[in-house]
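Please examine the structure shown here together with its sequence.

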Amino acid sequence: MTAHPPRIAVIGAGPAGIMAALEAASAGAPVTLYDTNDTVGRKLLVTGNGRCNISHAGATPANYVCDSPDALEAILSRCGHEQVAARLAELGVLIYATPDGWCYPLSDAAATVVDALSAAVRLAGVELHLKTLVRDLVRDRQGLSVIAGDPERPRSFDRVVVATGGKAHPALGSTGRFYATLERLGHRVLPVHPALVPIEADMRRLNRLQGVRLDAELSIYAGETLLGRDTGNIMFTQSGLSGPAAMNLSHLVSTRPGQPLTAVIDLLAGNGEALRDLLAAKRRQPWPVSTLLGAVLPAKFPPLLLQLAGLPPDALLNALNEGQLEALLSAARHLTVRVTGTRDYSFAQLSTGGVPLKEIDPRDMASRLVPGLHLAGEVLNVLGPCGGYNLLFAQASGMLAGRGAAVAT
């Protein structure tokens, strides 16, 4: 390694790379930031449906799926939501939290976040190389050489932060191409699959529900084995299920291609007791059952549930026997569809897999295998649910990587 301060390259100008570059520059290190896009933070523009769901106020390690929970806990204990929010405020990004902890900029516009971070990068004196593909990263006597632009003129750095993302949103430059470089340098790369992506299913029985949204409980089964369960908003589409609850479980599907899987939806999660109380109060009266179901469910559900329970659309409550009533409630609590897969990476918010977290020192995101190399963000095997968890991890790991890379030796 060279004298102080270390020369640092950051590959990838997404949220992890931006934070890494800013932290390293604030520590006095000369920083060069590379990205294939024509602006920094391009991927941030599509987060939160353009609002930028930038963090989660209540995130804990238990919310994530990864290969090393202990390492993740060490990362978030060093740099969690409070630290990320404070750093964003310093950079001109003020945020607020919804009652469920989802955090957004006060502007409710991702474009303003990108503007602020772009300005911060330039004010920090970071040397920007946009619309530039880093072709390779190789070891040399001084540290690591970045091969970009002219392949005959590699550029040597003391430390390199890789924040190249995974495979989600390939149109924005996340193709997973850099995984091969990391493997050649000695890291493992766990299988990569789409995550936080709509689930595809056989919807022929439920085609009348297209476009309907509601909060419900969704479970994914392989045979009789429960793979995972989530409660939240679900959207019924022509090709399957979308919305946070479905997307949070989608990695359980994409990592099992070709396996027979089933999705079971409890439409009454949270409202089951209210419906039972209403039915009990009206039990002896000739109320239309569809009307009572409509007290807790969107209008397209009652006719479908009556059909699935083998009841006529104009069924009256006082005419049903207990078996028929239980069959109706069961249809509402166990709406079942056959899962066929997920949408592809172009529809995914994130990808699974990548470099195992156990191969990284959580104190500074330094590679345990390649001296001078630090990794941050989606390139690592960490997956959180919808709600700002993944942007929180990207920024937190980027901040630690930038600080760690800037430490003089």
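Predicted model: local features only at pLDDT ≥ 70, side-chain atom pairs only at ≥ 80, totals over all residues.

**The barrel**

Six strands form a closed barrel in the order β13-β16-β15-β14-β17-β18, and their pairing is antiparallel. From one strand to the next, the twist averages 45°. One of the pairings joins strand β13 (residues 199-201) to strand β16 (residues 240-242) through two bridges in the antiparallel sense. Within this pairing, Ile-199 has Leu-241 of β16 as its bridge partner.

Helix α6 (residues 244-254) packs on the sheet and touches β13, β14, β15, β16, β17 and β18. The direction of α6 makes about 145° with that of β15. Helix α10 lies across β17 and β18, and its course is at about 120° to β17.

| Helices | Residues | Angle | Axes apart |
|---|---|---|---|
| α9 and α10 | 301-308 and 322-333 | about 120° | 9 Å |
| α1 and α11 | 15-26 and 389-406 | about 30° | 7 Å |

Angles under 35 degrees count as roughly parallel, and α1 is therefore roughly parallel to α11. The crossing of these two helices, α1 and α11, is right-handed. Residues of α1 in the contact include Met-19 and Glu-23, while those of α11 include Leu-391, Gln-395, Met-399 and Arg-403. By class, the contact of α1 with α11 holds nine nonpolar, three polar and two charged residues.

Helices α9 and α10, by contrast in topic, are oblique to each other. Helix α9 passes α10 in a right-handed crossing. On the α9 side, Leu-305, Leu-306 and Leu-308 take part in the contact, and they meet Leu-328, Ala-331 and Ala-332 of α10. By class, this contact has six nonpolar residues, with no polar and no charged ones.

**The surroundings of α9**

Which residues of α9 are buried? They are Phe-301, Pro-302, Leu-304, Leu-305 and Leu-306. These buried residues pack against strands β14, β15 and β18 and against helices α8 and α10. Just after α9, Gly-310 adopts a positive phi of about 75°.

How values were computed
Residues numbered from 1 in each chain as written. Heavy atoms only, no water. Axes fitted to C-alpha atoms, helices over the stretch in contact; angles between N-to-C directions. Helix = DSSP H or I, 4+ residues; strand = E, 2+ residues; numbered from the N terminus. Parallel < 35°, antiparallel > 145°, perpendicular 65-115°, else oblique. Left-handed = near helix turned anticlockwise from the far one by under 90°. Contact = heavy atoms within 4.5 Å. Nonpolar A, V, L, I, M, F, W, Y, C, P; charged D, E, K, R; others polar. Pairing = 2+ DSSP bridges. Buried < 20%, exposed > 50% of the residue type's maximum accessible area, 1.4 Å probe, protein only.
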